[in-house]
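Visitor: Before we go through this model, please show it to me, and let me ask on what grounds each label is given.

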Amino acid sequence: MKRTLKYAILGLIHKEEMSGYDITSQFKKEIGQFWSAKHSQIYPELKRLTEEGLIEYRTSITGAKLEKKLYCITPKGTQELTEWLLSPKDLPETEKDEFMLMLYFSAAISKEENKRLFEDQIAKRKEKLEYLYESKTALRLLDENLQSPGSEQFGHYLVLSRAINREESYIIWLEETLPLFD
């Protein structure tokens, strides 16, 4: 079984030293635009990566007694990440989209209920798109060379651009389809 989460964690730690909490937070922010992982998946994977010698940690004391592990990538981990980045990838399996699944069975509800589903989805996707625009603006403030392949934030820029494109396209389709329910 392919452990893609392994590479996501290696990539994050390659960028900077992080705690398990920091890694989990990244899956709720930037990486959450294209990949998801839960707390219950991340911590066992950190343990495995440590056992495999791909990462190591140091213990840091914060506050009165709170200990936290700060993980960093090892040379072996960097090599593993590089090999993965350079390997050819198959097309991904179809992305799960619960809204599309609902639409497939939408004959079971009325035209008015379907229309409400579309209106709700449009509102939620526009809200998400606004968040993505704000994230891109904030990223530009961090790095004005954002669109250069050598930039530290180039990968984040590419992912944000794709997420924006995805949401814009989805909204266009939703808005073009909505009149069918009138």
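Predicted model: local features only at pLDDT ≥ 70, side-chain atom pairs only at ≥ 80, totals over all residues.

Visitor: What makes the contact between the side chains of Arg125 and Glu167 a salt bridge?

Guide: The term requires a side-chain nitrogen of Lys or Arg within 4 Å of a carboxyl oxygen of Asp or Glu. For Arg125 and Glu167 the N to O distance is 2.8 Å, so the pair meets that definition. Arg125 is in helix H6 and Glu167 in helix H7, 42 residues apart, and the pair thus links distant parts of the chain; helices are DSSP runs of H or I with at least four residues, strands are runs of E with at least two, and both are numbered from the N terminus. Both residues of this pair are buried.

Visitor: How are the side chains of Glu80 and Lys6 joined, and why is it said that the pair ties together parts apart in sequence?

Guide: They meet in a salt bridge, with 2.6 Å from N to O. Glu80 lies in helix H4 (residues 75–86) and Lys6 in helix H1, so the bridge ties together parts that are 74 residues apart in sequence. Lys6, with a relative accessible area of 9%, falls in the buried class, while Glu80, at 22%, counts as partly exposed. A search of the whole structure finds twelve salt bridges.

Visitor: What makes a group of residues a nonpolar core, and which residues have the most contacts inside the largest one?

Guide: A core is a set of buried Ala, Val, Leu, Ile, Met, Phe, Trp, Tyr and Cys residues joined through side-chain atoms within 4.5 Å. The largest has 20 residues, and those with the most contacts inside it are Ile9, Leu10, Ile13, Ile23, Phe27 and Leu46. At least two core residues come from each of helix H1 (4–15), helix H2 (20–28), helix H3 (39–51) and strand S3 (66–73), with H1 giving the most, seven residues. Apart from this core lies another, of ten residues, among them Leu129, Leu139, Leu146 and Phe154.

Visitor: Which residues is Phe27 in contact with, leaving aside its neighbours within four places in sequence?

Guide: Taking contact as heavy atoms within 4.5 Å, the partners of Phe27 are Leu5, Ala8, Leu12, Gly32, Trp35, Ser36, Ala37 and Ile42. Phe27 is itself among the buried residues of H2, and these pack against H1, strand S1 (18–19), H3 and S3.

Visitor: How do you know that the length of helix H6 agrees with its number of residues?

Guide: The expected span of a helix is 1.5 Å times one less than its number of residues. The 32 residues of H6 (residues 111–142) should therefore span 46 Å, and the end C-alpha atoms are 47 Å apart, which agrees. The buried residues of H6 pack against helix H5 (98–104) and helix H7 (154–177).

Visitor: Why is Asn114 called buried, and why is Asp182 called exposed?

Guide: Asn114, in helix H6, has 4% relative accessibility and therefore counts as buried. Not counting residues up to four places away in sequence, Asn114 touches Leu103, Ser106, Ile109 and Phe181. Asp182, in the segment after H7, reaches 62% and therefore counts as exposed. With the same exclusion, Asp182 touches Lys111 and Lys115, and the C-alpha atoms of Asp182 and Glu112, 70 residues apart along the chain, are separated by 8.4 Å.

Methods. Residues numbered from 1 in each chain as written. Heavy atoms only, no water. Buried < 20%, exposed > 50% of the residue type's maximum accessible area, 1.4 Å probe, protein only.
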